[in-house]
Amino acid sequence: MAARRTRAMTGSDLSRSSVARATAIAEQLRYECSILLELYKNRESFIADVTVTDGRLVSVPPPSSQLDTRDKLWRLHSALLQCRSLLERAIAKEEEELGGGKKGDYETQRKMVKDRLSLLLITTGELLKTADGTAVLTPSSEGLELDSPSILFELKLWVYRVFREVDYWTKTAVTTLQALPTVTDKERVRTARVRSTRSARR
């Protein structure tokens, strides 16, 4: 006899295909972030000789094994939202201080990372809505420290920290998404049909 399923599925169970799609986006973003960091190091050669020891730029509750699926997704989604705000500020500040100039591999890669991050935000937001079971309000980035240094050297270090932060949370996204409990789409449909049949009998 087949072993019984120990956890009853609910309407908030995450689709395996949806989580797999979000994970694939995160993994692609992780790869693109690594390229962006290398391009920036080559562009600003002094970065290689600087040790960045400052703490995280993003502020979210610390990780905990006690967090349920919704809370894990909320924490991740909030962190990614802050990352995008920081990245947008870094790009704007670079263009303001250093000028737009000729677009090269670095600028192209930077835009690619920003666009991919926005896509990951959309997909994690959809997962969060599924896990919550209701319409989900977007986490606020209010209070996020977006002030960037005015001294050019410090600005370049800050931009580097922003890129590292995006890279860190992208890796965290891959780990978090891979660990989420999921069900197949067929299981979701089967559960929905059973629930519908039970409701009709009442």
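Helices (H or I, at least four residues) and strands (E, at least two) are taken as DSSP runs and numbered from the N terminus. On this basis the protein has five helices and two strands, and its elements follow the order β-α-α-α-α-β-α from the N terminus on. The model is a predicted one, in which local features need pLDDT of at least 70 and side-chain atom pairs count only at pLDDT 80 or more, whereas totals for chains, interfaces and linings use all residues. Residues are numbered from 1 along each chain as its sequence is written, and side-chain values use heavy atoms, with hydrogens and water left out.

Of the 202 residues of the protein, 38% count as buried.

Helix packing was examined next. Two packed helices are described by the angle between their axes and the distance between the axes. Axes are lines fitted to C-alpha atoms, for helices over the stretch in contact, and angles run from 0 to 180 degrees between N-to-C directions. Angles under 35 degrees count as roughly parallel, over 145 as roughly antiparallel, 65 to 115 as roughly perpendicular and the rest as oblique. A crossing is left-handed if the near helix is turned anticlockwise from the far one by less than a right angle, and right-handed if clockwise. For the composition of contacts, Ala, Val, Leu, Ile, Met, Phe, Trp, Tyr, Cys and Pro count as nonpolar, Asp, Glu, Lys and Arg as charged, and the others, Gly among them, as polar.

Helix α2 (residues 69-98) packs with helix α3 (residues 105-132) at an angle of about 155°, and their axes are 9 Å apart. The two helices α2 and α3 are therefore roughly antiparallel to each other, and α2 passes α3 in a left-handed crossing. The contact of α2 with α3 is made up of 16 nonpolar, five polar and eight charged residues. Within helix α2 lies H77, which is buried at a relative accessible area of 7%. H77 and L120 are separated by 43 residues in sequence and by 8.9 Å in space, C-alpha to C-alpha.

For α2 and α4, the packing angle is about 155° and the axes are 9 Å apart. These helices, α2 and α4, are therefore roughly antiparallel to each other, with a left-handed crossing. The residues in the contact of α2 with α4 comprise 19 nonpolar, one polar and eight charged.

The helices α1 and α4 pack at an angle of about 155°, with 9 Å between their axes. Accordingly, α1 and α4 are roughly antiparallel to each other, and α1 passes α4 in a left-handed crossing. Their contact contains 15 nonpolar, four polar and seven charged residues. A173 is placed in helix α4 and is buried, with a relative accessible area of 0%. A173 and I25 are 148 residues apart in sequence and lie 9.7 Å apart in space, C-alpha to C-alpha.

Aromatic contacts were then considered. A pair of aromatic rings is described by the distance of the centres and the angle of the planes. Rings of Phe, Tyr and Trp (its six-membered ring) pair if their centres lie within 6.5 Å; planes under 30 degrees apart count as stacked, over 60 as edge-to-face and the rest as tilted. By this rule there are five aromatic pairs. One of them is the edge-to-face pair of Y40 and F163, with 5.3 Å centre to centre and 90° between the planes. This pair links distant parts of the chain, 123 residues apart, since Y40 is in helix α1 (residues 16-43) and F163 in helix α4 (residues 152-178). Y40 counts as buried at 1% relative accessibility, as does F163 at 2%. Y168 and W169 also form an edge-to-face pair, at 5.2 Å centre to centre and 90° between the planes. Y168 is partly exposed, with a relative accessible area of 35%, whereas W169 is buried at 2% relative accessibility. One aromatic cluster is formed by Y40, Y106, Y160 and F163.

A charge sits over a ring if NZ of Lys or CZ of Arg is within 6 Å of the ring centre and within 35 degrees of the ring normal. R56 lies over the face of Y168, 3.8 Å from the ring centre.

P181 and L14 are 167 residues apart in sequence and 7.1 Å apart in space, C-alpha to C-alpha.

Terms used: Buried < 20%, exposed > 50% of the residue type's maximum accessible area, 1.4 Å probe, protein only.
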